[in-house]
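Please look through the model shown below together with these notes.

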Amino acid sequence: MRRPAAVPLLLLLCFGSQVAKAATACGHTRMLNRMVGGQDAQEGEWPWQVSIQRNGSHFCGGSLIAERWVLTAAHCFPNTSEMSLYQVLLGARQLVQPGPHAVYARVRRVESNPLYEGMASSADVALVELEEPVSFTNYILPVRLPDPSVIFETGMNCWVTGWGSSSEQDRLPNPRILQKLAVPIIDTPKCNLLCSKDAEFGYQPKTIKNDMLCAGFEEGKKDA
C-alpha cells in the first residue's frame with residue numbers, strides 16, 4: 001500500500017494559497033516520478049508548470065516564479081557541470097507535440113540549496129536560471145509564492161501537478177498529458193507514524209523534516 005507523500009518541494013497548490021514543492025515518497029530512497037490516480041489537466045490550467053529536460057527528455061517538473069527563474073528540487077540536479085544539455089519547456093499541456101503555446105528556454109545555471117544533503121533530506125530546493133527572460137502569456141505565468149507567515153492547516157485541500165506515471169505499473173501514455181491530483185495535508189506527527197510503518201514493507205523509515213509538508217491519503221492509491 002502506498003503511503004502519503006512527504007514532500008519538501010512538485011507543485012503543491014492549496015486552495016487559497018500557493019506553494020511549490022518536490023515529491024519524494026516516505027521510506028523510498030529512489031527518486032519517484034509518479035502521479036498515481038490523477039486526471040488530465042486542461043489547457044492553460046497550470047501556467048506556471050514547466051518540464052525540465054535533459055537531452056530532450058523530461059526528468060523533473062518545476063514552477064515558474066519569475067521571468068527567468070524556475071523553482072524545482074535539488075535532487076533533480078546531482079550534476080550541474082553541463083548546462084548545455086538542459087532546457088525548460090513552458091506553456092505545455094502535453095510533452096509529445098507540446099503545441100503552439102509552448103516555449104523552450106535554455107538553462108544558464110542551477111543554484112541548489114547548500115544545505116541539501118541528499119534524497120529525503122531537508123533543503124531539497126533549487127533555482128534554475130534561464131538564459132533569457134520569458135514573455136508572460138495566458139499559458140505562461142509565474143506562480144504566487146506564499147508569505148512565510150502562511151500556515152497550511154491539516155486537512156487543507158491542495159493540488160499536485162506533473163507528468164509522472166498515471167499508475168504504479170504504467171508509464172504516462174502518449175501524448176503524456178499533464179496530470180493533476182487533489183490531496184489533503186496531513187499533520188507531521190501522523191505522517192511520521194504512517195511512514196514508520198514502511199518498515200513492514202522492507203523500506204527504511206524516514207523522518208518528516210520541519211521544512212516538509214505531508215499530503216495524501218492514509219489508504220494510499222492516490223499520490224504524487
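1. Cysteine 214 is buried, since its relative accessible area is 2%; here "buried" stands for under 20% relative accessible area, "exposed" for over 50% and "partly exposed" for what lies in between, with a 1.4 Å probe and protein chains only. Cysteine 191 has a relative accessibility of 0% and therefore also counts as buried.

2. Before going on, please keep in mind that this is a predicted model, in which local features need pLDDT of at least 70 and side-chain atom pairs count only at pLDDT 80 or more, while totals for chains, interfaces and linings use all residues. Residues are numbered from 1 along each chain as its sequence is written, and side-chain values use heavy atoms, with hydrogens and water left out.

3. Which cysteine forms a disulfide with cysteine 214? The partner is cysteine 191, and the two sulfur atoms are 1.8 Å apart, where a disulfide is taken to be a pair of cysteine sulfur atoms within 2.5 Å. The torsion about the S-S bond of this pair is about 55°, so the disulfide is right-handed. The pair links distant parts of the chain, with cysteine 191 in helix α1 (residues 188-196) and cysteine 214 in strand β14 (residues 213-215), 23 residues apart. Helices (H or I, at least four residues) and strands (E, at least two) are DSSP runs, numbered from the N terminus.

4. A search of the whole structure finds two disulfides, and one of them is formed by cysteine 60 and cysteine 76, with sulfur atoms 2.0 Å apart. For cysteine 60 and cysteine 76 the torsion about the S-S bond is about -90°, so this disulfide is left-handed. Distant parts of the chain are linked here as well, because cysteine 60 is in strand β7 and cysteine 76 in the loop between β8 and β9, 16 residues apart. Both cysteine 60 and cysteine 76 are buried.

5. How many aromatic pairs does a search of the whole structure find? The search finds five, where rings of Phe, Tyr and Trp (its six-membered ring) pair if their centres lie within 6.5 Å, and planes under 30 degrees apart count as stacked, over 60 as edge-to-face and the rest as tilted. In tryptophan 46 and tryptophan 159 the ring centres are 5.9 Å apart and the planes are at 55°, so the pair is tilted. Tryptophan 46 lies in the loop between β5 (39-40) and β6 (49-54), and tryptophan 159 in strand β12 (residues 157-162), so this pair ties together parts that are 113 residues apart in sequence. Tryptophan 46, at 8% relative accessibility, counts as buried, and tryptophan 159 is buried with a relative accessible area of 17%.

6. Phenylalanine 59 and phenylalanine 77 form an aromatic pair that is edge-to-face, at 5.7 Å centre to centre and 80° between the planes. Phenylalanine 59 belongs to strand β7 (residues 57-66) and phenylalanine 77 to the loop between β8 (69-72) and β9 (86-90), so the pair ties together parts that are 18 residues apart in sequence. Both phenylalanine 59 and phenylalanine 77 are buried.

7. Strands β7 and β8 run antiparallel and are joined by three bridges, where two strands pair if DSSP finds at least two bridges between them. They form a hairpin with two residues between them, and the bridge partner of alanine 66 is tryptophan 69 in β8.
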